[in-house]
Amino acid sequence: MPSKTNSYSKPDYWSQKAFREGYPARSVYKLEEIDQKFSMLKKSTVVLDLGAAPGSWTTWLLRNIDSSGKVVSCDLNPLSKSVKDDKLVFYQGDLTDKEIYDKIKAEGPFDLVVCDAAPLTTGNRVVDTARSKGLVEMAIWYADQMLKTGGNFCVKIFQNGDQQALLKKMREIFTQAKGFKPEACRTESFETYLIGLNKKAK
C-alpha cells in the first residue's frame with residue numbers, strides 16, 4: 001500500500017489499482033483496509049452486503065471466502081456484469097420493502113453485515129449528511145436483526161451525521177463500536193466508517 005503522501009497526491013491511484021485488479025470501483029480498498037485492521041472476515045463467513053452496486057465490495061468478499069461461505073448482496077441498481085459467482089445471491093430492490101427483507105432474512109443469519117451505500121448527493125452537506133444518517137440507521141437495524149451472536153458490522157457514514165449517537169446505539173448491540181477512516185478514502189471526502197464488533201447475545 002502506498003504512503004499517504006503518494007496516495008493522496010495521486011487521487012486516481014486507487015481507481016487505477018481497482019481497474020488493474022478487476023474491481024468495479026476503488027471503494028474495495030476501504031473494505032480491505034477495514035478487514036486488515038479489525039479481522040472481520042473468516043473464510044467460511046456468510047456475509048450481507050447492503051447497497052452493493054456496482055459490486056466492488058461483493059467481489060472482494062467473494063474472493064476472500066471459501067466454498068462454504070456465501071455473499072448476499074442487495075441494491076436498487078444491478079451489479080456490474082463482471083460480478084458473478086456460485087457463492088453470490090443478489091436481490092435488486094429496496095431494502096425497506098418487506099419482500100426484500102424477507103428474502104434476505106431467509107438467506108441468513110449472517111456472520112458479517114457491511115454497507116458502503118451512499119445517498120444521492122445534492123451538494124448541500126446538511127441534506128446529504130441527513131440522508132447518509134438515514135442509510136446508516138437502516139443498516140444498523142439490519143445488522144441487529146440478522147447478525148449471529150458474535151457477528152461483525154461496518155457501515156459508511158458522512159461525517160457530522162451524528163456519529164456519536166449512532167455509536168452509542170451500536171454499543172447496545174456490539175461489544176465494541178468505533179469510528180475508522182481508511183487511508184483509501186480521498187482526503188477531501190467527508191466519509192468515514194462505523195465499526196461494530198462481536199454482536200451481543202439477545
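**Reading burial, fold order and confidence in a predicted model**

Q: In what pattern do the helices and strands follow one another along the sequence?

A: The chain contains seven helices and seven strands. Read along the sequence, they are arranged as α-α-α-β-α-β-β-α-β-α-β-α-β-β. Among contacts with a separation of 6 or more, 65% join residues 24 or more positions apart.

Q: Why is helix α3 described as largely enclosed by the rest of the structure?

A: An α-helix has 3.6 residues a turn, so residues three or four places apart point the same way. Helix α3 covers residues 28-38, and eight of its 11 residues are buried, so the rest of the structure largely encloses this helix. The buried positions of α3 are V28, Y29, K30, L31, E33, I34, D35 and F38.

Q: Which residue just after α3 takes a positive phi?

A: The residue is S39, whose phi is about 50°.

Q: Over which residues does pLDDT stay under 50?

A: The predictor attaches a confidence from 0 to 100 to each residue. Across the chain the average pLDDT is 87, and 84% of the residues score at least 70. Residues 1-9 stay under 50, and the model has 17 contacts beyond four places in sequence for them.

Key
Residues are numbered from 1 along each chain as its sequence is written. This is a predicted model: local features need pLDDT of at least 70, side-chain atom pairs count only at pLDDT 80 or more; totals for chains, interfaces and linings use all residues. Side-chain values use heavy atoms; hydrogens and water are left out. Buried means under 20% relative accessible area, exposed over 50%, partly exposed in between (1.4 Å probe, protein chains only). Helices (H or I, at least four residues) and strands (E, at least two) are DSSP runs, numbered from the N terminus. Contact means heavy atoms within 4.5 Å.
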